[in-house]
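Morning, everyone. Please have the structure up on your screens, and we'll go through it together.

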Amino acid sequence: MDPITGKIERLKAQISETEVELQQLKAQLARLEALLSLPSPSSEAQANDQPTESSRKWTWPLEEEEYTRYGRQLILPSVGIRGQLRLKSAAILVVGAGGLGCPAAAYLAGAGVGTLGVVDGDTVELSNLHRQIAHNTARVGIKKADSLIQYCRGLNPEVRYVGYGEHLTPQNAQDVVSAYDVVLDCTDHPTSRYLISDICVLLGKPLVSASALRTDGQLIVLNNPPATQGSADGGPCYRCVFPKPPPADSVVSCGEGGILGPVVGVMGVLQALESIKLLAAGTGKENYQGPGEPLTPSLLLFSAYSPTPFRSIKMRGRRSNCFACSASSMLTLKELKTGSLDYVQFCGVTTPINILQPGERVSATDYKSILASGINRGSLLLDVREKEHFDIAKIPGAINIPFSTFQTKSRSTSNGYSAHLEWLPEDVSSDTPIYVVCRVGNDSQLVAKKLKDLGLDRHGERFIGDIKGGMKAWKLEVNQTMPFT
Ligand SMILES: [Zn+2]
């Protein structure tokens, strides 16, 4: 089939689907108008409970059709009429209309949430369909947010749907998320995970987060219950659990790593389940745990090929030094919106960054010569990799200041300056050159730049720079027998 014929076929299919949807909406409208036109019952008629015309006015909390539609879940003690009414008054935001978002949104629509928002800037591709089952072949090329809503509307037209055909960004996050009670992170990249968590902390929204890759998945309910920054009462945020993103080059996308459809489907279904549990029980604090009990969520791990596919790990509560939710946090809505938090940079970039001048960067080979020649003897080498990496292999003489602690510390005081100096060895003089090394040469530049910004270079009198290409380059150029992780 040539592309034009294919497009015509898809449009025809789309038109017929839309016609069905139109019929459903017309029928729904007619039912509601008929209800409205009924005369109101007199109190007498109600008292006598006579089957008069006027006593047919519906006075129950849910619509007549809703008792039928939700009947099977209404009779569960964990939902009941009160739970159903809570669901009906709730607004839920699904960020990401992919493998997690499709089943999550579908079950939430089916369960009768009041408002369902869907955020996704991507369009449906053929390679999505093996797992993103709310889309279909006829809708390849249209916005995923629209496609998912179309599917959900077919399932339950009673829900109010709001589509956002763009990605969540630091700039639009506040406007989008404010209107919702609970947020589902159904995205697939660390940059969006940290952004979604931060906005949920700032706006006080519980967050149901899941991920899936290859044959494994994870699920955790965060910021639950939400609490103000610095309060010990709230549940941990994503940064409490994962303070530092995984190394950028270790982040494997579904495109590279592969993904089994039912695996991501299971995780999306569990997200819907956790959201329903949360909303049907009410989001008041009294519905969480007994007084005095620590708010420790569980991280649910799913491994499809394990003999015990589901495992649950009890997590710690809020981190007292969390970048986002702790008392020392300087995260604000304004800071988020103005873009001073660079999530892409925080999560690393897959291509090398260049923020230092060429003269501020030395190659691994040159640094080896510097060490051997004794020039700059007493120079300081900061290794900003995490401790686990440092413990495995290091350049002789290096001291370890992990990038993550460095970031937290830089925010723990108002000027950030003294906090940075406390790790400097006491015998280091103010003109001792500082070299920074990391894994591949990105974090090292960020740290070197930060040290300069803090004035440690004494207006250019002291050398501050990094080792280009990091430990990876050191292994390649200087020491091939060193393990590299
Ligand atoms: Zn936190």
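At what angle do the axes of helix 5 and helix 12 cross? Keep in mind that this is a predicted model. Helix 5 covers residues 80-89, and helix 12 covers residues 261-281. Their axes cross at roughly 110° and come within 7 Å. Angles of 65 to 115 degrees count as roughly perpendicular. Helix 5 and helix 12 are therefore roughly perpendicular to each other. Who makes the contact? From helix 5, it's Gly83, Arg86 and Leu87. From helix 12, it's Ile276, Leu279, Ala280 and Ala281. By class, that contact has five nonpolar residues, one polar and one charged.

Next pair. Helix 15, residues 364-373, packs with helix 20, residues 470-477. The angle is about 75°, and the axes are 8 Å apart. So helix 15 and helix 20 are roughly perpendicular too. Helix 15 brings Ala364, Thr365, Tyr367, Lys368 and Leu371 to the contact. Helix 20 brings Ala473, Trp474 and Glu477. Here we have five nonpolar, one polar and two charged residues.

Now the metal. Which residues are the protein donors of the zinc ion? They are Cys237, Cys240, Cys322 and Cys325, each through its SG atom. They lie 2.2 to 2.3 Å from the zinc ion. Angles among the four donor atoms run from 93 to 120°, and the site is tetrahedral. Along the chain, the spacing reads C-x2-C-x81-C-x2-C. Cys237 and Cys325 link distant parts of the chain, 88 residues apart. Cys237 sits in the loop between strand 6 and helix 10. Cys325 sits in the loop between strand 8 and helix 13.

Buried or exposed, then, for Cys237? Cys237 is buried, with a relative accessible area of 1%. Cys325 is buried, also at 1%.

Note on methods: Residues numbered from 1 in each chain as written. Predicted model: local features only at pLDDT ≥ 70, side-chain atom pairs only at ≥ 80, totals over all residues. Heavy atoms only, no water. Axes fitted to C-alpha atoms, helices over the stretch in contact; angles between N-to-C directions. Helix = DSSP H or I, 4+ residues; strand = E, 2+ residues; numbered from the N terminus. Parallel < 35°, antiparallel > 145°, perpendicular 65-115°, else oblique. Contact = heavy atoms within 4.5 Å. Nonpolar A, V, L, I, M, F, W, Y, C, P; charged D, E, K, R; others polar. Donors = N, O, S within 2.8 Å, 3.2 Å for Na, K, Ca; no water. Tetrahedral: all angles 85-135°; square planar, octahedral: opposite > 155°, others 65-115°. Buried < 20%, exposed > 50% of the residue type's maximum accessible area, 1.4 Å probe, protein only.
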